[in-house]
Each structure stands twice: as structure tokens, then as C-alpha cells.
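Biologist: I am new to this structure. Please show me how to read a few of its features.

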Amino acid sequence: MTVLRDLVDDMTAEAASLDDLVAGLDDTQWLTPTPAEGWTVADQVGHLAWTDRVATVSATDPDGFAVVLAEGAADPANFIDDAAAQMAAQPPADLLRQWRDMRAALADALLATPAGTKLAWFGPPMSAASMATARIMEYWAHGQDVADALGVTVEPTDRLKAVAHIGARTRDFAYVLRGKTPPADEFRIELTGPSGDEWTWGPQDATDRVTGSAVDFCLLVTQRRAPEDLGLTVVGDDATEWTAIAQCFAGAPGPGRAPRVDAAVAR
């Protein structure tokens with residue numbers, strides 16, 4: 001329960017960080033285009049509000065969430081974007097109020113989830129702790145898009161460890177999503193967190209390795225930056241292939257982002 005509470009606290013703090021970015025925007029600024037093609041700041045927050053609502057449904061009403069899944073299966077190409085657009089069509093003050101209510105309800109629902117319970121989702125079922133980890137990732141990734149759109153820099157925190165963790169653990173998911181066979185051997189991932197702590201995953205003697213800053217790694221696995229724009233050191237053919245398809249979020253294969261600079265991933 002302590003692990004779950006810590007994750008929910010981090011989830012709440014990460015959402016509050018994005019809330020701070022948008023709370024003072026005027027109605028016109030809410031319509032600012034973000035790096036996600038076709039999505040404004042309002043669409044980004046609308047997406048988070050909607051996914052927080054359906055995550056709460058998953059935690060409290062499994063039958064109700066089965067209906068959501070059926071609706072998504074009927075129109076997989078547009079379901080998520082349409083839901084975000086419907087939320088974003090509201091006046092910004094109403095949208096922000098609803099998102100605050102929805103994320104608070106989700107935090108309560110996750111803390112009330114009995115130990116051992118698996119929550120249905122658009123990908124594999126997950127524990128309440130994994131759901132909180134995934135929400136931290138979503139808040140941070142969409143918050144990055146909003147920050148980029150507004151031309152501001154948000155100071156990273158060690159809450160990024162949750163994002164890095166899900167990025168490391170979803171390595172095989174990126175291959176399966178694209179009909180590829182994952183490499184047989186694990187990668188070694190060595191990252192430096194914002195506070196200077198070292199975070200590692202995988203065997204020390206692994207041939208394929210990804211090392212560098214946790215911020216860059218998180219930008220990679222959430223597809224917020226092209227690999228060419230990051231300072232990661234990538235060793236091995238398999239790891240190099242993975243950096244081109246890395247994806248820690250559920251759904252269809254992401255298109256990634258076009259390179260911002262003329263650079264190459266160090267190998």
C-alpha cells in the first residue's frame with residue numbers, strides 16, 4: 001500500500017505540474033497548436049481528462065469499462081481523438097474543472113482498489129500501481145507537448161523514474177505492436193535521473209545497451225523527440241532498431257516525431 005500511495009502522490013504532483021502550466025491561460029492560448037498533429041492545448045488536457053474518467057470506470061465499474069472497450073473497438077482509428085475533441089470543445093474553465101475532478105476521483109479509486117486486482121485497460125490488464133505509473137507517464141508526456149507549445153521549460157523531477165520504468169518494461173511491446181519478434185536477450189539501460197541518481201534495468205553484461213539522461217530516455221519512449229535529437233548512447237544493432245520504434249503508451253504504433261536537429265544517435 002505504501003508503494004501505491006507513493007505512486008498516487010507522484011501522479012497527483014505530476015498532474016498539478018501541468019495544471020500550473022494551463023491554469024492561467026486565456027481562451028485563445030488554450031487553442032495553441034501542440035507538437036501532436038491536430039491537437040491543441042485543450043485537446044491535450046481533454047485527452048487526459050477523458051482517460052482519467054475511463055480509468056476510474058475501469059477501477060470502479062468493470063462492466064462499464066467493457067462498454068468503453070466495445071465503443072473503441074467499433075472505431076479504433078478515431079475513438080481516442082474524438083473523445084479528446086469532445087472534451088476540448090467545452091469552455092476552458094469547465095474543462096479544467098472537470099479534469100481536476102476526474103483525476104482526484106481516479107486517485108481515490110486507485111487507493112481503494114484491493115491488492116491483487118487487475119484493472120482492464122486498452123492494453124494488457126494492470127495493477128493499481130501500474131495504472132498510477134501509466135498515468136504519471138501520460139501526464140508527463142502530454143505536459144511536455146503543452147510546454148513545447150507554450151515555449152516554456154518545466155524542470156524535470158525524479159518522478160520521471162516511473163516513466164523510465166514503464167519505458168524499459170515495454171520494450172517487447174513495441175516490437176509486438178509492429179508484428180516483429182522481440183530480441184531474445186535483454187538490454188542494459190543505465191540512466192541518470194534529474195537529481196543525479198543512477199537508474200538501471202537489465203543485466204550488467206548485456207551486449208545491447210542504452211545509456212544517458214533519464215529525460216532523454218523518457219522523451220524517446222513517449223515519442224516526444226526523434227532519436228536523432230537525443231543524447232543517448234546506444235550500443236548494439238537490436239538496441240539501435242528499438243530506438244526507432246520505442247513506445248511505452250497503449251494504442252496503435254505511434255508515428256514518432258520528425259528530427260529537430262541534424263544529429264545522429266551515438267552508437
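Modeller: Start with Gln223, which lies in the loop between H9 and strand E4 (233–235). Helices (H or I, at least four residues) and strands (E, at least two) are DSSP runs, numbered from the N terminus. This is a predicted model: local features need pLDDT of at least 70, side-chain atom pairs count only at pLDDT 80 or more, and totals for chains, interfaces and linings use all residues. Residues are numbered from 1 along each chain as its sequence is written, and side-chain values use heavy atoms, with hydrogens and water left out.

Biologist: Is Gln223 buried or exposed?

Modeller: Buried means under 20% relative accessible area, exposed over 50%, and partly exposed in between (1.4 Å probe, protein chains only). Gln223 has a relative accessible area of 8%, so Gln223 is buried.

Biologist: What is phi of Gln223?

Modeller: Most residues other than glycine have a negative phi. In Gln223 phi is near 55°, a positive value in a residue other than glycine.

Biologist: How many aromatic pairs does the structure hold?

Modeller: Rings of Phe, Tyr and Trp (its six-membered ring) pair if their centres lie within 6.5 Å; planes under 30 degrees apart count as stacked, over 60 as edge-to-face and the rest as tilted. The structure holds nine aromatic pairs. In one of them, Phe217 and Trp242, the ring centres are 6.0 Å apart and the planes are at 35°, so the pair is tilted. This pair links distant parts of the chain, with Phe217 in helix H9 (residues 214–221) and Trp242 in helix H10, 25 residues apart. Both Phe217 and Trp242 are buried.

Biologist: Where does Asp237 lie?

Modeller: Asp237 lies in helix H10 (residues 237–243). Asp237 is exposed, with a relative accessible area of 69%.
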